[in-house]
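Thank you all for making the time this morning.

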Amino acid sequence: MMSKEGFCIRCKKNSNLDRIGDEILCKPCLIFKYEKYRDECMPQCNRLENLIASFKKEIASLHPQINTNLTNANQVRQAIELAYSNQLKILNDERNNLLALVEECKKDNNKFFEFEKQLDHLSNDINEFKNPSQDIL
């Protein structure tokens, strides 16, 4: 607030003036304005204070539930992480087992192809024996 000498914009009297916001008023007009607004605003202020108090009370009553929910959410998160971790370990173990089986299958396939080559070679030898080529004679 700034005090200066001049004419009040409300009552037009020359006196010490105070500026509040955009208005420059003398003390009696300032008091009148404050009381007028106070009388108009007090019921709304009281209702607003009561509403704010009820919100604060409601929020305070929710704190235990919120804390419980947070605790439960953390437990669920931990359970999910543990289950996911266990599933990853199981899947990784299964992957390793399957890859080992694939390697074993490749070895068996190679052995089978080798055996098949040996059979073909034996079959050729038998055919050679049964039907000797002209080179041998």
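I will go through the hairpin, the core, the salt bridges and finally a surface patch.

A word on the basis: this is a predicted model, in which local features need pLDDT of at least 70 and side-chain atom pairs count only at pLDDT 80 or more, while totals for chains, interfaces and linings use all residues. Residues are numbered from 1 along each chain as its sequence is written, and side-chain values use heavy atoms, with hydrogens and water left out.

Let me begin with the strands. Strand β2, residues 14-20, pairs with β3 in the antiparallel sense over 4 bridges; helices (H or I, at least four residues) and strands (E, at least two) are DSSP runs numbered from the N terminus, and two strands pair if DSSP finds at least two bridges between them. Within this pairing, Asp18 has Leu25 of β3 as its bridge partner, and Arg19 has Ile24 of β3. The hairpin of β2 and β3 has 2 residues between the strands, and Gly21 there takes a positive phi near 65°.

Which residues make up the largest nonpolar core? There are 7 in all, namely Cys8, Leu17, Ile24, Leu25, Cys26, Cys29 and Leu30, where a nonpolar core is a set of buried Ala, Val, Leu, Ile, Met, Phe, Trp, Tyr and Cys residues joined through side-chain atoms within 4.5 Å. Both β3, residues 23-26, and α1 supply at least two residues of this core each, and β3 gives the most, with 3 residues. Buried here means under 20% relative accessible area, exposed means over 50%, and partly exposed lies in between, with a 1.4 Å probe and protein chains only. If we leave aside its neighbours within four places in sequence, Cys8 is in contact with Lys13, Leu17, Ile24, Leu25, Cys26 and Cys29, contact meaning heavy atoms within 4.5 Å.

Turning to charges, a search of the whole structure finds 4 salt bridges, each being a side-chain nitrogen of Lys or Arg within 4 Å of a carboxyl oxygen of Asp or Glu. Asp18 counts as buried at 3% relative accessibility, whereas Lys27 is partly exposed at 49%.

Arg77 and Glu81 form a salt bridge with closest N and O atoms 3.3 Å apart, and, being 4 residues apart in helix α1, they are separated by about one helical turn. Arg77 is partly exposed at 38% relative accessibility, and so is Glu81, with a relative accessible area of 45%. Glu103 and Lys106 form another, at 3.6 Å between the closest N and O atoms, and these two residues are 3 apart in α1, again about one turn of the helix.

Finally, Leu48, Leu51, Ile52, Phe55 and Ile59 form a nonpolar patch on the surface, with about 470 Å² of accessible area together, and Phe55 is found in helix α1, residues 27-130.

Conventions: Patch = residues over 30% accessible without salt bridge, like charges linked within 9 Å, V, L, I, M, F, W, Y side chains within 5 Å. Areas by Shrake-Rupley, 256 points an atom, 1.4 Å probe, with all protein chains shown as cover.
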